[in-house]
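Let's take a quick walk through the pockets and salt bridges of this protein. Have the viewer open as you read.

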Amino acid sequence: MAPVATLETKKETTNGTTKSHTPEKVFNPFYSPPATDENDNSYQFAQYKPHFPDVKWEPLGEVKVVERGLFADPEKKALLAAATKVQHLTPAIGTEISGIDLRQLSPAQKDELALLVAERGVVCKFPLAFVTITSLDFYELVFRDQDISIRELLEFHRHYGPLHKHATTGIPREPGLEEVHVVYNDASRRPDPSAFSKIELWHSDVTYEIQPPSTTSLKVIEGPPYGGDTLWSSGYALYSSFSPHFQKYLESLYAVHSAVAQADGAREAGHPVRREPVETIHPVVRVHPATGWKSVYVNPGELHVPQKALYSHTGLTAFLPIGFVRRIVGVPKAESDAILNLLFHQISENPDFQVRFHWERNSIAIWDNRVTTHSATFDFFPHTRHALRATPHGERPISVAEYEKSGKVAKDRQLDIWKQQGIAAPDTSNQGAGSKPRGYND
């Protein structure tokens, strides 16, 4: 989540006369400021509005995490037998499942769900008829009409690892929910397009942590009638799209992920920082421990926003860099910038890597933060969009070299799927030589 900054009063001089005025409040949609209490008496979920308690938490150390997908039946028979329909949304990413109540899943079914999310990236749910899965080209699941409470959802995710507590963003007003991350926007928050561009909103959650999130979920408890969609992009598909030479180069690189700008933005907004910010180095290509597939692991990090005027259309004089990935280690800045620019634009602009999900009330999406990035559309003003996130820690990101030290072989997801389907891998030894221009029919 990106930082927000405080409202600034602008002074203008006209014909020698200085006037002060407070501009209309607008907001950085990537961040949920404290909610007002205007509709608390009538709003059903007022207890889940965000607030920012002034408390201090200890720094995070490494914790033991067991990858539950490693214990799953590869065919996922127990999970799929409980479903009424399974529908893949794109070849690269996204699956909708019907007929499953997350509260009723057995430990074995939860393990199979972890593997399905690792393969598909994102999974969601609605009630329809059963369809058999025949391939492994996924990684996001979406579930609709889930009555599971936020406390039940937290307990569900503890199966996958210790839960993360965010150091700066809002948590519910209701006591005992410090592990919940709140997403909340309403009519009092008008989006400010001068504060961000769309590419800058793509991210994977809190990648600066030593052990960033794994199998994560978001439940929408109040949403607009249309708009407010979420998009995910596949790190597997991004890796598979490159030439073998460039893939090998990316595998050798590491990047700095930083929480400093996020913490600075919170302080500028007058909010407490509950845990001091960290900077961590992670591989640019990581390997998922359950699938063995390689995924690009970066997210846009060179966004600059006004330090004291994110709520203002005017008076933008001081700027603060935000975002998580700051630079690639050990290469010239020009080279780092060029590589990251390429990766960021492919994440945000290539539709072949993406899936888009329209939320309904009580929809739940479960995604694997290790192999996807995501963003949202902020087109729903003045409607309310209110969601709650549960975020378990994953393992420390594993590089290709580290993964293969034990004798295992990390794989290109697309090549692995083609191999399972009996399709020969393309010959890249003479790629591009003698190619002819091709038309595009659509």
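## The second largest pocket

We're looking at a predicted model here. Its second largest pocket has a volume of about 210 Å³. Of the 13 residues lining that pocket, Pro74, Leu115, Glu119, Ala290 and Thr291 sit closest to the centre.

Sorted by class, the lining has seven nonpolar, three polar and three charged residues.

## The largest pocket

The largest pocket holds about 460 Å³ of space. It has 20 lining residues, and Ala237, Ser240, Ser241, Gln414 and Trp418 are the closest to its centre. Helix H4 (235-240), helix H5 (244-251) and helix H9 (413-420) are the elements giving two or more residues to this lining.

H9 gives the most, with four residues. By class, you get nine nonpolar, eight polar and three charged residues around this pocket.

## Salt bridges

Across the whole structure there are 23 salt bridges. Take Arg356 and Asp229, whose closest N and O atoms are 2.8 Å apart. This pair links distant parts of the chain, 127 residues apart: Arg356 is in strand E21, while Asp229 is in the loop between strands E12 and E13. Arg356 is partly exposed at 48% relative accessible area, and Asp229 is buried at 10%.

Glu251 pairs with Lys294, with 3.0 Å between the closest N and O atoms. Glu251 lies in helix H5 and Lys294 in strand E17, so this bridge ties together parts 43 residues apart in sequence. Both Glu251 and Lys294 are buried.

Glu75 and Lys77 also form a salt bridge, at 3.4 Å, and both are exposed. Finally, Glu67, Arg286, Asp368, Arg370 and Glu395 are joined in a salt-bridge network.

Terms used: Residues are numbered from 1 along each chain as its sequence is written. This is a predicted model: local features need pLDDT of at least 70, side-chain atom pairs count only at pLDDT 80 or more; totals for chains, interfaces and linings use all residues. Side-chain values use heavy atoms; hydrogens and water are left out. On a 1 Å grid over the protein atoms alone, a cavity is a set of points where a 1.4 Å probe fits but cannot get out, and a pocket is an open set with protein on both sides within 12 Å along at least five of seven lines; lining residues have an atom within 4 Å of a point. Grid points are joined across faces, edges and corners, and a volume is the space filled by probe spheres set on the points. Ala, Val, Leu, Ile, Met, Phe, Trp, Tyr, Cys and Pro count as nonpolar, Asp, Glu, Lys and Arg as charged, and the others, Gly among them, as polar. A salt bridge is a side-chain nitrogen of Lys or Arg within 4 Å of a carboxyl oxygen of Asp or Glu. Buried means under 20% relative accessible area, exposed over 50%, partly exposed in between (1.4 Å probe, protein chains only).
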